[in-house]
Amino acid sequence: TREVEGALWFNNQNQVLYIFYSNTWNVALAANAVSLPDLTLSTDTQNYYGTVNPLLVNVSQFTPATPADRNQSVLNRWIFQAVRELDQAVVDLDAEAIAPAAASAPSSPIEGDLYFNTSDLNLYVYNTISGTAAWRHVINPTNFSDDRLKAKDGLLDGALDKLSEINAFYYYENDLAKELGFRNGQRQLGLSAQELSAVLPEVVSLAPFDRELDPETGKFKSRSSKKYLTVDYEKLSAFSLQAIKELADKVDHKAAQRDLDVLSQDLYSKIISIDTLVELKVEDLAEYIGDIDDYVLKSDLSETSSQIKELQDRIAAVDSKELDLSSLATHGELEEGIAEVKESLISLHKSTEIYVDQRIDLVKESIANKEELATKDEVKKSVDSLDKKLKARKYLSQKGGDVYGRFEIKNSDIELPTFDFSATASDSQKALRFKSNTSEETIVDFGTTQSFWEYAWEFSSREDFCWKGGNGKVFSIDRDGAACTKLIIGQFSENNERGRVIHNHVDVGERLHAYQTTFEGLRSALANSEDFETFKQKATRYLKEV
C-alpha cells in the first residue's frame with residue numbers, strides 16, 4: 001500500500017511485474033519489450049551469481065540447470081524464492097533465543113551456539129578447535145594471556161625493522177570486494193594481510209567470511225578455495241608495544257650519544273686551548289731560559305778546569321826561565337784573560353733569571369779565586385747539587401711527567417682544537433683517564449676503541465655517568481643501562497637565549513601514564529559492566545582521556 005518511487009512488485013497471481021510511480025502501482029511495460037526468458041544475463045551478472053558467494057549462506061544457491069536458464073526470468077524467480085527463504089530464516093531466529101542466559105551452559109549444544117553466563121557475565125560460543133569441541137569465550141576463543149598456559153618460544157626482536165616493512169594506506173573497496181557482497185563506499189584505512197604475512201604471519205589468518213571447519217582435520221579451511229585473508233589487529237598490540245620499547249631504547253641511545261658528542265666537542269675545544277697555551281708557555285720558557293747549548297755541562301767544566309790548570313803550569317814554567325818574553329803575554333795579561341774567561345762563563349747564565357744564583361754559585365765554587373781554580377770534586381759536587389735542584393722543579397720533558405698546579409687555557413685560535421689527539425687513531429685511545437671517588441681501585445678511560453667509529457667510556461664497576469641540573473640528576477648511565485627523570489621526543493630548532501628549543505614534543509612518561517590509566521579504566525569497566533552498552537559508556541569515558 002505504500003512504497004518508494006521506482007520500487008518493483010511481481011504479482012505471483014497474474015505473473016505481472018509492476019513499478020511504483022506517481023503514488024500508485026503501474027504495470028511495467030516497455031515498447032518492443034523482450035520477454036524475461038529471452039533476456040540473457042550479462043557476463044558480470046552471470047559471474048556474480050554463478051560463483052559461490054560467501055555472503056549468501058542463508059538461502060539456496062543460484063544454480064541454473066542449463067546455460068539457457070541463465071536469463072532474467074530464472075534469476076527473478078530465484079530472487080523471490082531467496083527472499084522467502086531469508087524471511088523464513090528471520091522468523092525462525094525470532095522464535096528462539098539467540099544466546100540463552102543461564103548460570104550454566106546448555107546441555108546439548110551444536111556448533112556455533114551462543115550462551116550468556118549470568119555468573120561471570122561473559123558470552124560463550126560452542127565450537128570445535130583442533131578436534132576438541134567446547135564452550136569458548138566469544139571475545140577471543142583461541143587466545144589467552146595467562147603465562148601459566150604458555151610455553152614461550154623466544155622474545156620478539158627487530159620490531160622496528162619489521163615495522164618499516166609494513167605500510168598503512170587508504171583504500172576503497174574494489175569490484176572483487178563488491179562481488180563478495182561488501183558495500184562500504186567510503187574511503188577506509190587499513191593494512192595489507194599479504195604484506196604482514198611476510199613479517200608477522202602470526203597475526204594473519206583466513207577471513208571469517210571465507211572459512212569453514214574441515215570435519216576431517218578439525219581446522220579451518222577456505223570455503224571458496226581463494227584463501228582470502230584478514231588481520232588480527234588485537235595481536236598487533238603486542239607487536240606495537242615491542243616496537244615502542246625498541247624506539248625508546250634508540251631515543252635513549254641517541255640522547256646519550258648527542259650529549260656525548262657535545263661533551264666531546266667541548267673537551268676537544270678545551271684541549272686545543274690548553275695545547276695552544278702550553279705551546280706559548282713553552283716558547284716563553286725557552287725564551288726566558290735561552291738555548292740549552294749555552295749552559296755549561298759537567299764535562300765542559302771539567303775540561304775548562306784542566307785547560308786552566310795546564311795554562312797555569314805553562315805560566316809557571318815560563319816564569320822560571322830566563323827568556324825573552326817580549327813577544328809573549330805577561331802573567332798579569334794572562335790573569336786578565338783568566339778573569340775574562342770567568343766573566344764569560346758567568347755571562348752565559350744570565351739568559352735566565354731562574355738559574356742565575358745557582359749558576360753564579362757554581363762558577364764561584366768552580367773558580368775559588370784568581371790564583372786557585374776549583375778541583376774536580378768540587379765541580380762534581382756543585383753539578384750534583386744543581387741537578388737535584390733542577391729535578392726538584394719537576395719540569396715536563398718531551399716524554400711527559402707529573403703536573404702540579406692548574407692550567408688556565410685561553411685559545412687564541414678558535415678554528416683550532418684546544419687539545420688535539422688526531423695525529424693518529426691510536427693517539428685518541430684512552431685519551432682521558434679518571435679515578436672514581438671510591439675506596440676500590442677503579443679506573444675510567446675515555447677515547448677511541450678498536451671498533452670502527454667507536455668512542456667509549458670504558459669502566460668495570462659501579463661508575464655512574466650522569467648529567468646534573470639545579471635539582472639533581474636528569475640523566476644517568478651505569479652498567480645496568482640508561483635512566484632519566486623525563487624523556488621527551490620532538491623536533492629540535494636552533495637554541496635561543498633561554499636554551500634548548502623543541503617543537504611537536506611528546507613526554508613519553510606522561511603519555512605512558514595516560515595509557516596505563518586508560519587501560520586500568522577499561523579493565524575496571526569490563527569487570528563492572530553487566531551489558532555491552534554499560535561497558536561502552538564507561539570505556540568511552542576513559543578513552544576520551546587519551
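Which residue forms a salt bridge with glutamate 520? Keep that in mind as you look through these close-ups of a predicted model.

View 1. The partner is arginine 523, and the closest N and O atoms of the pair are 4.0 Å apart. Both residues sit in helix H11, which covers residues 508–528. They are 3 residues apart there, so about one helical turn separates them. Glutamate 520 is partly exposed, with a relative accessible area of 36%, while arginine 523 is exposed at 58%.

View 2. Leu512, Tyr515, Phe519, Leu543 and Val546 make a nonpolar surface patch of about 470 Å². H11 gives the largest share of this patch, with 3 residues.

**View 3. Aspartate 445 meets lysine 430.** Here is another salt bridge: aspartate 445 pairs with lysine 430, and their closest N and O atoms are 3.2 Å apart. Aspartate 445 belongs to strand E15 (residues 443–448), whereas lysine 430 is in the loop between helix H10 (376–393) and strand E14 (432–435). The pair therefore ties together parts that lie 15 residues apart in sequence. Are the two partners buried or exposed? Aspartate 445 counts as buried, at 7% relative accessibility. Lysine 430 counts as partly exposed, at 48%.

**View 4. Glutamate 440 reaches arginine 462.** In this salt bridge, the closest N and O atoms of glutamate 440 and arginine 462 are 2.7 Å apart. The pair links distant parts of the chain, 22 residues apart. Glutamate 440 is found in the loop between E14 and E15, and arginine 462 in the loop between strand E16 (455–458) and strand E17 (465–469). Glutamate 440 is partly exposed, with a relative accessible area of 29%. Arginine 462, on the other hand, is exposed, at 55%.

**View 5. A hairpin made by E18 and E19.** Strand E18 (residues 472–478) and strand E19 (residues 481–484) pair up in the antiparallel sense, over 4 bridges. How many residues lie between the two strands of this hairpin? There are 2 residues between E18 and E19.

**View 6. The start of the chain.** Threonine 1 lies in the segment before E1. Threonine 1 is exposed, with a relative accessible area of 99%. Now look for threonine 24: it is 23 residues away from threonine 1 in sequence, and the two are 8.6 Å apart in space, C-alpha to C-alpha.

**View 7. How confident is the prediction?** The mean pLDDT of the protein chain is 78, and 73% of its residues reach 70 or more. Which parts have the lowest and highest confidence? Confidence is lowest in helix H9 (residues 356–366), where the mean is 58. Confidence is highest in strand E1 (residues 8–11), at 94.

Terms used. Residues are numbered from 1 along each chain as its sequence is written. This is a predicted model: local features need pLDDT of at least 70, side-chain atom pairs count only at pLDDT 80 or more; totals for chains, interfaces and linings use all residues. Side-chain values use heavy atoms; hydrogens and water are left out. A salt bridge is a side-chain nitrogen of Lys or Arg within 4 Å of a carboxyl oxygen of Asp or Glu. Buried means under 20% relative accessible area, exposed over 50%, partly exposed in between (1.4 Å probe, protein chains only). Patches are made of residues with over 30% relative accessible area and no salt bridge: like charges are joined within 9 Å, nonpolar side chains (Val, Leu, Ile, Met, Phe, Trp, Tyr) within 5 Å. Accessible areas come from the Shrake-Rupley method with a 1.4 Å probe; for residues, only the protein chains shown count as cover. pLDDT is the predictor's confidence in each residue, from 0 to 100. Two strands pair if DSSP finds at least two bridges between them.
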